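Open the structure in your viewer and have the selection tool ready. The tour makes a few stops, one selection at a time.

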Amino acid sequence: MAKTQFTDSVGRTAWIDDNGYVYTENGKNPTYYTQDEWNSRQQSRWGGDTDSNKLLDEVSNTIIELEDKLFSLGVSISQEEADAFLQKAIEQVTPYYETKKTEIEAGIKEGNVQAAENVLVDIRRIKEEIGTTLQKLDIDQAQTEEEFVNTLANITSTKDEDIATKQYTWGERIKELKQTQVQTGVLTSGIGKQEVGGFQDRQQAELASVERSAGAAQTRLETGQKFDIERIALARKTVQTQRERQLGTQTQEDATTSGALGTLGLTGMDQLGSEAELQRQRAERNTQIYKPTALTDLGEEKSQAIESRKLTLQGETLDAKQQQEAAQRSKILSEISKQKAKIGVFS
């Protein structure tokens, strides 16, 4: 059997069947009313301004209010609460990261100090090594020049001695020859002159030989000395090139040295301690070295820690709110049930 819903004279919902009768379910035996009978019945029950109707309206309104409260229940975090959680998270997290930041800054400073010390130690060592090499080249050049002078003097002296000896020896020979020619009576003859001329030619030949030998020895000496000087000059140029490759130009070296001294608070290289002393000072400071990027990493880590702490605080608050909401929901549902039971009393 089909049924249709309609609103009766007191504004309540009822059902009407195909035959136009209003009915109520009462166990298995429904009761049927005409619409007029139903409206009259409802008017007598719900109409008018009786105390019973007033109480029923109050109960109904109470149920409506309770249901509105029930539907309005919800757990969320307001913007003000979110801002408060963020501020609290910052206050809780910041002290640790401020301490860590100070530690990292000290480590970065220590790294800069050690780098400056290493730079100055390298500059000092390289300059000492190059200075020693150049000193040795100066000594080599001095020795080369001294040897050249001494050897040249020796060659000249030997040549002069040899020439004097040759001149004396051949002079004596020619003198003896002429004495013999006088005794034999051929001094002024053609044969005599020819013999004397032969001796004189041999004398000049030997003197020329001494000159040539001395000249050749001097040439060899000068060639060797030139080679040695060029070799020393090349070595000196190589050392200077090596110095510039390691330390830069003099301007660059001065700038590097000045910057490193400034980092250490020194005014000159003479204030830089020995390598052993520098190692002792580092051990005494015992500071962990950090790269400059560690500050950036720390900032990112701090931001993540703050966000994590904020979410934790929000979660804890949401849990508390959910517990309160559950208790309130249970209370409202219980009150609704009680009010609905009152409606049953009036029906």
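Is Gln242 buried, partly exposed or exposed? Keep in mind that this is a predicted model. Select Gln242: its relative accessible area is 33%. Buried means under 20% and exposed means over 50%, so Gln242 counts as partly exposed. Now colour helix α4, residues 190-247, where Gln242 is found. Gln242 and Ile126 are 116 residues apart along the chain, and their C-alpha atoms are separated by 9.6 Å.

The next stop is Glu117. Select helix α3, which covers residues 79-184, and find Glu117 in it. Glu117 has a relative accessibility of 3% and therefore counts as buried, since the cut-off for buried is under 20%. Which residues is Glu117 in contact with, leaving aside its neighbours within four places in sequence? Select Leu264, Leu278, Gln281, Arg282 and Arg285 to show these contacts.

The last stop is a pair of rings. How many aromatic pairs does the structure hold? There is one. Select Tyr96 and Tyr97 to see this pair, which is edge-to-face. The ring centres are 4.9 Å apart, with 90° between the planes. Now compare the accessibility of each residue in turn. Tyr96 has a relative accessibility of 49%, so Tyr96 counts as partly exposed. Tyr97, at 8% relative accessibility, counts as buried.

Note on methods. Residues are numbered from 1 along each chain as its sequence is written. This is a predicted model: local features need pLDDT of at least 70, side-chain atom pairs count only at pLDDT 80 or more; totals for chains, interfaces and linings use all residues. Side-chain values use heavy atoms; hydrogens and water are left out. Helices (H or I, at least four residues) and strands (E, at least two) are DSSP runs, numbered from the N terminus. Buried means under 20% relative accessible area, exposed over 50%, partly exposed in between (1.4 Å probe, protein chains only). Contact means heavy atoms within 4.5 Å. Rings of Phe, Tyr and Trp (its six-membered ring) pair if their centres lie within 6.5 Å; planes under 30 degrees apart count as stacked, over 60 as edge-to-face and the rest as tilted.
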